[in-house]
Amino acid sequence: MIRINDIYLPLGYTEDMVAQRTAKDIKVRLNDIENIRIVRKSVDARRKNDVHFTVSVEAEVKNEQNILKKFPPNKVSAVVHENYSVSIVGMRSERPVVAGFGPAGMFAALTLAQSGMRPVVLERGGDCDTRLAAIELFRTKGILDETSNVQFGEGGAGTFSDGKLTTGIRDKRIRHIFEELVRFGAPKDILYLAKPHIGTDILRDVVKNIRKEIISLGGEVIFEARLTRLVSKDDTVCGVVYEKNGKEYELPAENVILAVGHSARDTFEYLCNKGIAMEKKIFAMGVRIEHLQSDVNKSLYGKFTGHPALPPADYKYAVHLPYGRSLYTFCMCPGGYVVAAASEKNSVVTNGMSLYSRNAVNANSALLVNVEPEDLPEDSPLAGCELQRNIEKAAFLAGGSDYSAPVTLVGDFLRSGLSESFGKIRPSYIPSVKFSIPDSIFPDYITDTIRKGIPLLARKADFFNEPEAVITMPETRSSSPVRILRNDKLNSVSLKGLYPCGEGAGYAGGIVSAAVDGIKCGEAVTENG
Ligand SMILES: Cc1cc2nc3c(=O)[nH]c(=O)nc-3n(C[C@H](O)[C@H](O)[C@H](O)COP(=O)(O)OP(=O)(O)OC[C@H]3O[C@@H](n4cnc5c(N)ncnc54)[C@H](O)[C@@H]3O)c2cc1C
């Protein structure tokens, strides 16, 4: 079996053309090729007059050794599948505890359950259905539930997301994660699309199915159960205390995976006060920008816009300003919505999500600026959380103190004026929005970088020139402002048996890397057990 990369396919290609084009590329007869399948597919829109697909295939071909010799390895290579399997350690009297049921906690717990270790999962938020009802109440009535919301609850921050599965990391566990996601209900195309995407509507069922699997393997998942304390002796974990319905419960545990995400500020405070080593780290903040998806399509697909084989166009850009700051797009959601993502009372936070179909009118993306540790006035590891909180509260006030998000039109923002009415783009944020100026919400280095960066982005993609594009504020929870220090066995450097894990602990950014880190921590526990 060999893998052949960079095969050109027109947008309207037929199945037969896959083998035909492959045969032409590697100069063999069509009959020499058997069992061909696409293993990677991406849209190539670099040249507007020739938008097409580029695919990689795996196939059985006659005389593979000769072909391998004829072509460079980036064109043709032998197929090597890195198989991943969970080590079975079997049942122990000790049950590991996993705090947090986001991508990191879910995959940590799944790994432990598959290894036979019967984990107990504590998740501060509700199960998916409870959570959905709480989010609806917030969206429609502006009543925020601090227990279950877009950040907290079954599936973590990723459940009400775009479900993009793109990642910058390389790891043998990624293929395994995708296969598991498909086994639990994700669309099969995530196995070969270069930009895989699940969508919040499908993701909700996937996370429920993962929970059911963990339980069927002997694990336990306790919702509305917030880890409040770690019990330790001689710098070693021996249990956890959690709070549920106003009561505290204690569980014995020698291994605790702490996968609480980047919004568990109360948990970070507790850990910091307990002397668990942590530090402030680089993170990012900014705004969400919305354009018409049709304008983005036109800009990126040119005359091919509207071709039925093309997905709604997406983008990713970065611009660098002469004084050292950069502005970059992040978590772009084609055909999506800007969502209310607050988890604390009297604060406003935005983020983006989409359904699998990605068929909403607007495209949205975060426009982010990095916040370096030296930008923070205080030395405390929690200084970044404090800055996030201050901005979220300033946004709440600017929005009229009823969870409306502050918004501005790009044209007015660039000339530092207050917007008065919307143009062709209506904001998708619910419950409501109020015109405001970003300068009253962010530190100067953030507003300045966004203001100076947008015209530079417009040189890369013309829709950034749109003065009626809508900016909704603030996007504060795109990454964790803290890192909880761990050693090469993934143990906290302060407390044996504690495994800081996932995005909140500073070891991941996004669904896939959080899931990878969850598996790694699960493995570390099984090796320790
Ligand atoms: C609206 C939105 C859209 C997003 N879109 C994408 C996307 O398309 N693609 C992508 O890769 N990433 C996306 N992200 C980011 C992604 O969701 C996160 O990177 C990822 O979820 C981090 O995983 P995690 O498991 O480390 O943490 P989280 O997902 O944050 O999970 C942590 C969990 O721990 C729980 N918890 C917190 N404190 C405690 C405690 N003390 N006790 C018990 N439980 C606790 C929380 O309730 C939460 O469920 C999005 C995020 C949001 C909010």
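## Ground rules

Buried means under 20% relative accessible area, exposed means over 50%, and partly exposed is anything in between (1.4 Å probe, protein chains only). At 3% relative accessibility, Asp517 counts as buried.

This is a predicted model, where local features need pLDDT of at least 70 and side-chain atom pairs count only at pLDDT 80 or more, while totals for chains, interfaces and linings use all residues. Residues are numbered from 1 along each chain as its sequence is written, and side-chain values use heavy atoms, with hydrogens and water left out.

On the domain 1 side, Val39, Arg40 and Lys41 supply 73% of the area buried against domain 2, more than any other three residues. There are zero salt bridges between domain 1 and domain 2.

## Nonpolar cores

In soluble globular proteins, nonpolar side chains tend to be buried together. A nonpolar core is a set of buried Ala, Val, Leu, Ile, Met, Phe, Trp, Tyr and Cys residues joined through side-chain atoms within 4.5 Å. The largest one has 87 residues, and Tyr315, Leu367, Ile450 and Phe464 have the most contacts inside it. Helix α11 (residues 444-460) gives the largest share of this core, seven residues. Helices (H or I, at least four residues) and strands (E, at least two) are DSSP runs, numbered from the N terminus.

Beyond its neighbours within four places in sequence, Leu367 is in contact with residues including Met285, Leu327, Ile450, Leu457 and Phe464. A second, separate core of 46 residues includes Met106, Val512, Ala515 and Ala524.

## Around Ser161 and Thr200

Ser161 sits in the loop between α4 (128-141) and α5 (173-183), and it counts as buried at 11% relative accessibility. Leaving out residues up to four places away in sequence, Ser161 touches Thr200, Met353, Ser354 and Ile511, among others. A polar atom of the Ser161 side chain lies 2.7 Å from the backbone nitrogen of Gly163.

Thr200 is in helix α6 (residues 200-216) and is buried, with a relative accessible area of 0%. The Thr200 side chain reaches the backbone oxygen of Thr159 at 2.7 Å.

## Salt bridges

The whole structure holds 40 salt bridges, each a side-chain nitrogen of Lys or Arg within 4 Å of a carboxyl oxygen of Asp or Glu. In one of them, Glu248 pairs with Arg229, the closest N and O atoms being 2.8 Å apart. Glu248 lies in strand β10 (residues 247-252) and Arg229 in strand β8 (residues 226-233), so the pair ties together parts that are 19 residues apart in sequence. Glu248 is partly exposed at 47%, and Arg229 is partly exposed at 38%.

Arg486 forms a salt bridge with Asp517, again with the closest N and O atoms 2.8 Å apart. Arg486 is buried, with a relative accessible area of 17%, and Asp517 is buried at 3%. Arg265, Glu269, Glu344, Glu386, Arg389, Glu392 and Arg477 are linked in a network of salt bridges.

Terms used: Contact means heavy atoms within 4.5 Å. A polar contact is a pair of N or O atoms within 3.5 Å; within protein, one must be able to donate a hydrogen and the other to accept it, and residues adjacent in sequence count only if both atoms are side-chain atoms. Buried area is the accessible area (1.4 Å probe) that two parts lose on being put together, summed over both.
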